[in-house]
Each structure stands twice: as C-alpha cells, then as structure tokens.
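Please look over the sequence and the model shown here before reading the report that follows.

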Amino acid sequence: MKNLLILIIIICCAGSAWGQQKSTGPMIKDFGEVWKVENTTYPTDKSGEFKVVFDIMDSPDSHVEINKAIETVARFMNMHAQNGVSQENIKVYLVVHNKASKDILGSPAYEVRYGKPNPNLALVRELLDAGAGVILCGQSSVSREIPVTEAVEGVQLALSAMTALVQLQNEGFQLLKL
C-alpha cells in the first residue's frame, strides 16, 4: 500500500511538472505556452539577437487541428521574451511550403476548401502582429493552387522556400527545421 501511495504521488507530480503552470505571452498572448525553467547551467545570452528562420512544411491531416510547428514559433518567441531577451532582439521568419501552405490561408479561402474555419488563423495573425515574417513558397503556391491573395493578410510570397531560406540565412538567420 505504501509503494502504491508513493507511485501515485510520483505520477501526480510528474504530470503537473511539480505543480508548475505553463504560460503564454508576452509576445503571443493566446498561443505558445511554455514552462518556466530556473537554475539553468547553460546560460541564455539575453543581450544578443535571436534571428531564426523556421522551415515549416508539414501539416496535420485534420482540418480542425492547429499546426504544432507554427505554434512552436510562438513558443520560441514567448519563451525567450519571458526569460529576459528583449522583444526587439527576437527576429523570426516562418517559411511555409508543401502541406503547411494551407495553414496560412485566410478564413474565407480555407472554409471554401475544407468546410471549416482555419484553426491556425488567429495564431498566424498573432505571429504577424508580433513582428514575425511569414513567407509562402511561390512553388507551393502555384502547385497547390494557393495564391498569396488568399493567405492571411501580411503573408509574403517568395520565388520558392529554398530561395527565402538561403536569403535569410545569408542575412544571419539561423535555420530551424520543424
């Protein structure tokens, strides 16, 4: 019985991360929950720029599920802002292509195609409002019949995902493939 009680306590503590709560913000208020991590032994350089380009190509098959890769960008932004990195030093681009192209469609276009509202719409808008750049691959745009005019307002169109990724890396952005 004592061992069972200990096991239950361990499971409860592990499930709640020792009673901690995840939180969003300050950059993306409704998405990108992160854990508070204290006493790190590998220090975060809070004075430098975090210039990152996220390569986002996969998407869930479901038309009602948020693309977790896009939400990871929100997590990245919130995590660093919560831990003392100046928001001005968090510079982020999403290069969206392949199956993920549908996830940056505006609401009317998404609903016409899939019969449901775009579950990523609010997330993409918040990312854009927080200063993230969102770039649609021109090759995916044409091959998947997703014109940038049907994307969320503020999404940019590039010749290709490869072009945007190379150019941003040439400008000092670090590539993270999701």
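Is lysine 177 buried or exposed? Lysine 177 is exposed, with a relative accessible area of 58%, where exposed means over 50%, buried under 20% and partly exposed in between, for a 1.4 Å probe and protein chains only.

## Basis of the report

This is a predicted model, in which local features need pLDDT of at least 70 and side-chain atom pairs count only at pLDDT 80 or more, while totals for chains, interfaces and linings use all residues. Residues are numbered from 1 along each chain as its sequence is written, and side-chain values use heavy atoms, with hydrogens and water left out.

The structure holds 5 salt bridges, each being a side-chain nitrogen of Lys or Arg within 4 Å of a carboxyl oxygen of Asp or Glu. One of them joins the side chains of lysine 177 and aspartate 55, at 2.7 Å from N to O. Because aspartate 55 belongs to strand E1 (residues 50–56) and lysine 177 to strand E5 (residues 174–177), this pair ties together parts that are 122 residues apart in sequence; helices (H or I, at least four residues) and strands (E, at least two) are DSSP runs, numbered from the N terminus. Aspartate 55 is buried, with a relative accessible area of 4%, whereas lysine 177 is exposed at 58%.

## Salt bridges involving helices

Within helix H2 (residues 68–82), glutamate 71 and lysine 68 lie 3 residues apart, about one turn of the helix, and their side chains meet in a salt bridge of 3.7 Å, N to O. Glutamate 71 is buried at a relative accessible area of 17%, and lysine 68 counts as exposed at 52%.

Arginine 113 and glutamate 150 also meet through their side chains in a salt bridge, at 2.6 Å from N to O. This pair links distant parts of the chain, 37 residues apart, with arginine 113 in helix H3 (residues 107–114) and glutamate 150 in the loop between helix H5 (138–143) and strand E4 (156–158). Arginine 113 counts as partly exposed at 33% relative accessibility, as does glutamate 150 at 30%.

## The largest pocket

The largest pocket has a volume of about 390 Å³, and of the 16 residues that line this pocket, the closest to its centre are Val37, Thr40, Thr44, Met79 and Asn83. On a 1 Å grid over the protein atoms alone, a pocket is an open set of points where a 1.4 Å probe fits, with protein on both sides within 12 Å along at least five of seven lines, and lining residues have an atom within 4 Å of a point. By class, the lining has 5 nonpolar, 6 polar and 5 charged residues.

Technical notes. Points joined across faces, edges and corners; volume = space filled by probe spheres on them. Nonpolar A, V, L, I, M, F, W, Y, C, P; charged D, E, K, R; others polar.
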